[in-house]
Amino acid sequence: QMCIRDRYTHMKGLLKNLGLLLVIIGAVILIICYYGGNVNDNAILATSLVLIIVGLISHIVLNKRIAD
C-alpha cells in the first residue's frame with residue numbers, strides 16, 4: 001500500500017511530464033491530419049495548436065514550480 005509521501009512523489013512525476021504529453025498529443029493530431037489529408041479542418045488544427053501551446057506553457061510553469 002502506498003503511503004501519502006509515495007503518492008505525492010508519483011503525482012509530482014506525472015505533473016512534470018504533463019506539458020510534454022500535451023505537446024506530443026497535439027503533434028500526433030497534426031501528423032494524423034497531414035497523412036489523412038484532412039488539413040483544411042480548422043477545428044482539428046486549432047485543437048492541436050491549443051494543445052501544443054498549453055503544453056508548452058504548462059511544461060515551463062510546472063517544471064519551474066516543481067524545481068522550487
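User: Happy to look at this one with you! Exposed means over 50% relative accessible area. Is Tyr-35 buried or exposed?

Analyst: Good place to start, and keep in mind that this is a predicted model. The relative accessibility of Tyr-35 is 68%. The cut-off for exposed is over 50%, so Tyr-35 counts as exposed.

User: How do the rings of Tyr-34 and Tyr-35 pair?

Analyst: The count of aromatic pairs comes to one. The ring centres of Tyr-34 and Tyr-35 are 5.2 Å apart, with the planes at 75 degrees. Centres within 6.5 Å make a pair, and planes over 60 degrees apart count as edge-to-face. Tyr-34 and Tyr-35 are therefore edge-to-face.

User: Thanks! And is Tyr-34 buried or exposed?

Analyst: Tyr-34 has a relative accessible area of 58%. Since the cut-off is over 50%, Tyr-34 is exposed.

User: Lastly, what share of the chain's residues is buried?

Analyst: The accessible surface of the chain is about 5500 Å², and carbon and sulfur atoms hold 69% of that. Buried means under 20% relative accessible area. Of the 68 residues in the chain, the buried share is 12%.

Definitions and conventions
Residues numbered from 1 in each chain as written. Predicted model: local features only at pLDDT ≥ 70, side-chain atom pairs only at ≥ 80, totals over all residues. Heavy atoms only, no water. Buried < 20%, exposed > 50% of the residue type's maximum accessible area, 1.4 Å probe, protein only. Areas by Shrake-Rupley, 256 points an atom, 1.4 Å probe, with all protein chains shown as cover. Phe/Tyr/Trp six-rings, centres within 6.5 Å; stacked < 30°, edge-to-face > 60°.
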